[in-house]
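Dear colleague,

Here is the structure for your files. My notes on it follow below.

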Amino acid sequence: MKGHGLLFFFVLSFSSVLGQLSYTIPEEMPKGSVIGNVAKDFGIDVKRIKSGNARVFTRDSDEYVELNKERGVLVIKNKIDREALCVQTTPCALHFQIILENPMEFYSVTVEITDINDNPPSFEKKEIKFKIHESTVRGANFILDRAVDLDVGVNCLLSYKLEPTENFLVRFNDQSDGTKNLEMVLEKPLDREKYEQLSLVLTAVDGGEPQMTGTMLITIYVLDANDNAPVFLQPIYKAAIKENSPAGTVVTTVTATDSDEGSNGKIAYSFSSVLDNARGLFEINSDSGEIRLTGNVDYERARSFQINMRASDDGGLADSCKVLIDVIDMNDNKPNIHIMSKSNIISENAKLGTVVTMINVEDADSEENGKIQCAINNDIPFVMKSSTGDFYSLMTDSELDRETASQYNITVTCSDEGVPSLSSSVTLTLQISDVNDNAPVFERSSYEAYIVENNTPGVSIFTVKATDADWKQNARVSYILEDSSVNGVPVSSYVSVSADSGVIHAVRSFDYEQIKDFRFCVKAQDGGSPPLSSNVTVKIQIQDQNDNPPQVLYPVQTAGSVVAEMVPRSADVGYLVTKVVAVDVDSGQNAWLSYKLQKATDRALFEVGSQNGEIRTVRQVTEKDLLKQRLTVIVEDNGQPSRSATVIVNVAVADSFPEVLSEFTDFPHDKDYNDNLTFYLVLALAVVSFLFITCLVVIISVKIYRWRQSRILYHSSLPVIPYYPPRYSDTLGTGTLPHTYNYEVCRTTDSRKSDCKFGRAGSQNVLIMDPSSTGTMQRLQSEKSILDEPDSPLEQKPPNNDWRFTQGQRPGPSGATGGPEVAMGTGPWPQPPTEAEQLQALMAAANEVSEATATLGPGTMGLSTRYSPQFTLQHVPDYRQNVYIPGSTATLTSNPQQQQQQATAQQAAQQALPPPQASAQSEPPKAVQTPASKKKSTKKEKK
């Protein structure tokens, strides 16, 4: 409750100048109490405090404050005791920094601790004794030990009171150096006979609220008279001692004199009062006044000491003096290095000047002993720079390369300027993180490998290897086969590459005779982002294997006939009979051929050249040598294992061909060959018989079909297609539009040896002229002609008499005239030409078809359209109403309206088409008479 009560009285103040804040709080605040809102006072966003991993950095091991990151406030972490923290130092303050990262920042904060009255005054001794001679005059003073109050300011010791106050009173006596001694002053002389011993209580009272006190018992023994008091030779003694001096070191010696004799002149030395920082450090010899060191003196804790001395005799008289001891600083403290913030990992592409570590260095020594210089080891891309005061920043000084150095052990060494110099160091380990800045590198600039042909698909050929100087995923290399082609075939159908190992496998079995070598590219790509890659060219050489036997080119071996070489009986030794010619598609020594005579009717007569295959006579041919000689020559290559082929050479020893022919007609054949020949003959006979029967049935069916067709044509009223010369131009007012020709040709089995040209229709669009309209339609390939349907119920009736009109009344080409029979309407119906006439006309125009075809254009309405197989029933006009005149596209009808409509349509067509050329024929040309037609016309004239 005491601490909470004090919270209402402390004053909170802060100032923010150049990143510094100061707060004032009382001591003994409970844990968790708020010191101040640093986020608000520094103007820092609470989110920045969280993201920057803000924390409190203090040099001391004890942490009294902590930062609440959620609220951005400083709170009490441990209860603060000002007396334990600062002793008598004023003002008492905590100095610390608030560190933020990403980017690194720090702010200085000072928290001043104000005192509260929590410590009562206390005396070092609970009781002191005095021996005072009764003859002591009024006004005599006796120095008392002062009480000690750990509090400061108004809470420290304020006054003393002495009870009872009958003979003595207590007061402060000002000294020349500005200090005050607490003295007990005799106000009333003592009377030993009345009081042999007096007991007084000295009470020390502080100025706090509430006040706190401390007491000490004073016992006075009244003695006989002693009229001379001890006197120190100096009122103030000064001494100096080096810090860290060993115990027992003599600091100084004080001396006092007493004019009395005997026991009244014997002086005893003692400490009358010792300040807190000197307690327990010194001792005095009561007889000699020698002051010795008993504890450890540290300059950094106390730079000077003050001791009040007292010299008293046995008569109770005493004197006092002051001893001032200065501590000489020694270079006994190494620089203390504090890592405020550091990064363990840095990217190799970090920018110059990137801060890696922030360091605070301090040295407790003073002057030259406290001056510090910091440095780092050489030959590293880092530099140490001082920012402010004792703060240093370790930052990058040049570019980093993980491939050169993946880790740095940075030793920071800080030295003072004392003699001898003291130093301390700390080693920082910094990892360099990888960046994908190195492409894979192949071990060789190009590769060349060999594989024997006829390999097994999937066999490993060889391995390409690439390395990447990067690390982990950035150094993981994958191999990819680049798209290319070999002789128009994708290279992936030849080889494949293992993505992980770079092993190249053959996808197919290679044949040296088809491909001897090929090239392709392999790409090595790392796993970085973005990935880096490099290419290498690989050449695969196919090695030949003896997988092809020799092939004999001459003499040609035939199974159905016997070929013999003739040797005249007059042939001399070395006569060249023939030469066996063979080749081997392999290469190298696999293609080196040698020839041997394996079997011969007479080995003594012939020999074979081992290198050239020439068969020559060894001796003179005699009459006794057989006419028929059979030689078996074996041809071997030089491969391992070797392959061979055999050839049989028949040699006839004769001077004339008839002699050879008569003898070789019954040349014996091998039994296997005769057996095979019999089998093939029987099989061929069966096949020929089947084909003959099939052809016979087909021919009979075709004949019957044609006969029925001719009967239909004979009974119908359809006009017969006359013969038109090539390039015939129609003059029916539609312009010079070429016709499209269809021909049907019957040829013999050997007619393939003759030349014949055919033409196709120039267009699939034809013009159909109907009695009622004129239009364009698409020829349908799936339609069948009415002539192809023998069972069609359609029968054409004979034409009516409307077609027998005069030339002036008949529609048709201008200037077209007919014979008198036509004019009178009494002529017969035109007779169809015979087959011989049609064939002759066809052959006469065959050579002109190609040229005529080139002139055909789309939209042509020719006779071929009208009578072609695609001209179906729906295109056939009703001959009971209309009549088609051979050689003209005009249509005769007995209906005047239809004639008028047709004339109108023809006029429109004439206007739409370009005018006919001047060289166009005004009359349709007459059909060229063939010899057969001439004979028929002669017979008719005779009749």
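Asp625 is buried, with a relative accessibility of 7% (buried means under 20% relative accessible area, exposed over 50%, partly exposed in between, with a 1.4 Å probe and protein chains only). Its side chain meets that of Arg619 in a salt bridge, 2.7 Å from N to O (a side-chain nitrogen of Lys or Arg within 4 Å of a carboxyl oxygen of Asp or Glu). Arg619 is partly exposed at 24%.

This is a predicted model, in which local features need pLDDT of at least 70 and side-chain atom pairs count only at pLDDT 80 or more, while totals for chains, interfaces and linings use all residues. Residues are numbered from 1 along each chain as its sequence is written, and side-chain values use heavy atoms, without hydrogens and water.

The structure holds 16 salt bridges. One of them joins Glu101 to Arg55, with the closest N and O atoms 3.1 Å apart. Glu101 sits in the loop between strand 6 (92-100) and strand 7 (105-114) and Arg55 in strand 3 (residues 55-57), so the pair ties together parts that are 46 residues apart in sequence (strands are DSSP runs of E, at least two residues, numbered from the N terminus). Glu101 is buried at 18% relative accessible area, whereas Arg55 is partly exposed at 27%.

Lys371 and Glu368 also form a salt bridge, at 3.0 Å from N to O. Lys371 is partly exposed at 41%, and Glu368 is partly exposed at 40%. Arg82, Glu83 and Asp115 are linked in a network of salt bridges.

Regards

How values were computed:
Helix = DSSP H or I, 4+ residues; strand = E, 2+ residues; numbered from the N terminus.
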